[in-house]
Amino acid sequence: MRPEAAAEAVALDRVSLDRVTVQRDDRVILRDISVDLTARRIAVIGANGSGKSTFARLLNGLVLPTAGRVRVHGLDTRRYTSALRRRVGFVFTDPQSQILMPTPEEDIALSLRGLPRADVERRVVEALAEHGLADHARVPASELSGGQKQMLALASVLITEPALIVADEPTTLLDLRNARRIADLLLSTSAQIIVVTHDLELAARCDHALLFDDGALAASGAPDDVIARYRSLCA
Ligand SMILES: Nc1ncnc2c1ncn2[C@@H]1O[C@H](COP(=O)(O)OP(=O)(O)O)[C@@H](O)[C@H]1O
Ligand SMILES: [Mg+2]
């Protein structure tokens, strides 16, 4: 492989922040964050208000750094906004904010707009079956349970085959059983995932963890060590 090609191949799975600061008015929300992430499943933990959601939003360009640089799979988030949006799927805490169409069938089909109609129909049927929504294809999405809504939101993201999935507390509103189902699905996808969570069991199942504390990156490493650090900060 040419050296440049090797560098590009490496960049593909890498999420890197280089001295990133995010400021709003006079307030520093994230302070001088540098980190280089190549693990496939990454958990982000920390107290409320520590900067986790701001970090998550940096990764798809929803938030831009005030200083420093964010590169996601080789793309500088400042320059490649639309390429980034195609590559990065975002899952929110509240699935309702992400379900755009009246029914599950239409919502998943929306993610496939532009493809031939027969392909869309086939893939929608497959996705509904795969996510346990086959019997709810045409039920108003507003009538789905919380777990079903989050499953639908995730199905609509997964079907676009994002290279990176960023999920901001995707299980916070769910009961234990549904939280497990969503976590299992997230952890089993072939995409790289970065999941913000208060669910330390989910964090422990990841390959790497980040701990935010008051806008600073307080720890980055093996999940068990980072979780222990979080517990000691709270003690
Ligand atoms: N757009 C914004 N304008 C002003 N302050 C913000 C904005 N977004 C977040 N903050 C503040 O930054 C801090 C970190 O927020 P956030 O990233 O949402 O933390 P977390 O997700 O860990 O709870 C909080 O104190 C929050 O109030
Ligand atoms: Mg948050």
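**Exercise 1. Overall fold**

Of the contacts in the protein with a separation of 6 or more, what percentage is accounted for by residues 24 or more positions apart?

*Solution.* The structure is a predicted model, in which local features need pLDDT of at least 70, side-chain atom pairs count only at pLDDT 80 or more, and totals for chains, interfaces and linings use all residues. Residues are numbered from 1 along each chain as its sequence is written, while chains are lettered from A and ligands numbered from 1 in the order in which they are written.

Step 1. Counting two residues as in contact if their C-beta atoms, placed from the backbone, lie within 7 Å, the share is 65%.

Step 2. The radius of gyration, taken over C-alpha atoms, is compared with a globule rule of 2.2 Å times the number of residues to the power 0.38; for 235 residues a compact globule would have a value near 18 Å, and the protein agrees with its 18 Å. Along the principal axes, the C-alpha atoms fill a box of roughly 50 × 45 × 40 Å.

Step 3. A residue is buried if 20 or more other C-beta atoms lie within 10 Å of its own, exposed if 12 or fewer, and partly exposed in between, with C-beta atoms placed from the backbone; buried residues make up 39% of the 235.

**Exercise 2. Strand S8**

Work out whether strand S8 is enclosed or open, and which strands pair with it.

*Solution.* Step 1. Five of the five residues of S8 (residues 192–196) are buried, so this strand is largely enclosed by the rest of the structure. Gln-192, Ile-194 and Val-196 lie on one side, and Ile-193 and Val-195 on the other.

Step 1. S3 (residues 41–46) pairs with S8 in the parallel sense over four bridges, and S7 runs parallel to S8 with five bridges. Ile-194 is the bridge partner of Ile-42 and also stands opposite Val-166.

**Exercise 3. The shell of ligand 1**

Classify the residues around ligand 1 and find which element contributes the largest share.

*Solution.* Step 1. A residue counts as near a molecule if its C-beta atom, placed from the backbone, lies within 6 Å of it; the residues around ligand 1 include Arg-24, Ile-29, Asn-48 and Lys-52.

Step 1. The shell divides into one nonpolar, seven polar and two charged residues, where Ala, Val, Leu, Ile, Met, Phe, Trp, Tyr, Cys and Pro count as nonpolar, Asp, Glu, Lys and Arg as charged, and the others, Gly among them, as polar.

Step 2. Helix H2 (residues 52–58) supplies the largest share, three residues.

Terms used:
Helix = DSSP H or I, 4+ residues; strand = E, 2+ residues; numbered from the N terminus. Pairing = 2+ DSSP bridges.
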